[in-house]
Amino acid sequence: KILFSIGFAKDYKAPQDKQSLLGKIIAIDLNSNGYEMMSLGHRNPQGLYYHKDKNIIINTEHGPKGGDEINFNFLNLDVEKNFGWARVSYGNAYPNQEKLFEPDTFKKSHTELGFIEPFKYYDPSIGISEILYFPKNSFCKFNCLLHSSLRANSLYILNIDNDFTKLDSIERIFLEGNRIRDIDFDQDLDLIILLSENIPSLITLKLK
């Protein structure tokens, strides 16, 4: 299967409409050519990672004016995988767009409105992009998530617990002037590879 994320394309009703693929993450079956909806209520998903052992889909997505998110979809849990957009956000409406939302959309809670809380959100926005997972090693104090950012010109290291429920610490590597669009890891060379879109260039970081 291939995981495939789809933005909401400025259709504010579509992410909550199960008959639409906008604002969804789907799994495409390469044998049948069919697909399965894995989650809904997404705004603009950017990073996408599947943790096989934990059976978790991890995604990052851009919020509106603030509210960039990291979301965990625990596939083993028998709950609706609805992350709330455009009904709820930790960001704010852009000027002159307030009428597109319900009055309590930006009340800063997902669970109160019946949606899944993000594992982590950023307000103001950092322009969150790709995300990777690393088990505990010489680079990560614990298990960790590495994600890149566009607006903040940075790579973030999030140390998390074994159950994927608690954020222990955050470290930031600032790469001035570099909007990082994508990241990858070369296991043979032990290198993190970052794609800077505005230079443009490839940046490598050696794990210690």
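A salt bridge is a side-chain nitrogen of Lys or Arg within 4 Å of a carboxyl oxygen of Asp or Glu. Keep in mind that this is a predicted model. A search of the whole structure finds 7 salt bridges.

Take K18 and E80. Their side chains meet with N and O at 2.5 Å, so the pair counts as a salt bridge under the 4 Å cut-off. In the chain these two residues are 62 residues apart: K18 sits in the loop between β1 and β2, and E80 in the loop between β6 and β7. K18 is partly exposed, at a relative accessible area of 47%, and E80 is partly exposed as well, at 46%.

The next pair is E112 and K107, a salt bridge with N to O at 3.0 Å. Here E112 is exposed, with 56% relative accessible area, while K107 is partly exposed, with 40%.

Then there is R181 with E197, where the closest N and O atoms are 2.9 Å apart. R181 belongs to strand β12, E197 to the loop between β13 and β14, and 16 residues separate them. R179 joins R181 and E197 in a network of salt bridges.

Now the inside. The largest nonpolar core has 16 residues, and I58, I70, F72, Y122, L145 and F164 have the most contacts within it. Strands β5, β6, β8 and β10 each supply at least two residues of this core. Apart from it lies another core of 13 residues, including F134, L155, I180 and I183.

Is F164 buried or exposed? F164 is buried, because its relative accessible area is 1% and the cut-off is under 20%.

N33 lies in the loop between β2 and β3, but N33 is exposed, at 65%.

Last, the cis peptide bonds. One runs from W85 to A86, with omega near 5°, and A86 is in the loop between β6 and β7. Another joins I199 and P200, with omega about -20°; P200 is in the loop between β13 and β14.

Conventions
Residues are numbered from 1 along each chain as its sequence is written. This is a predicted model: local features need pLDDT of at least 70, side-chain atom pairs count only at pLDDT 80 or more; totals for chains, interfaces and linings use all residues. Side-chain values use heavy atoms; hydrogens and water are left out. A nonpolar core is a set of buried Ala, Val, Leu, Ile, Met, Phe, Trp, Tyr and Cys residues joined through side-chain atoms within 4.5 Å. Buried means under 20% relative accessible area, exposed over 50%, partly exposed in between (1.4 Å probe, protein chains only). Helices (H or I, at least four residues) and strands (E, at least two) are DSSP runs, numbered from the N terminus.
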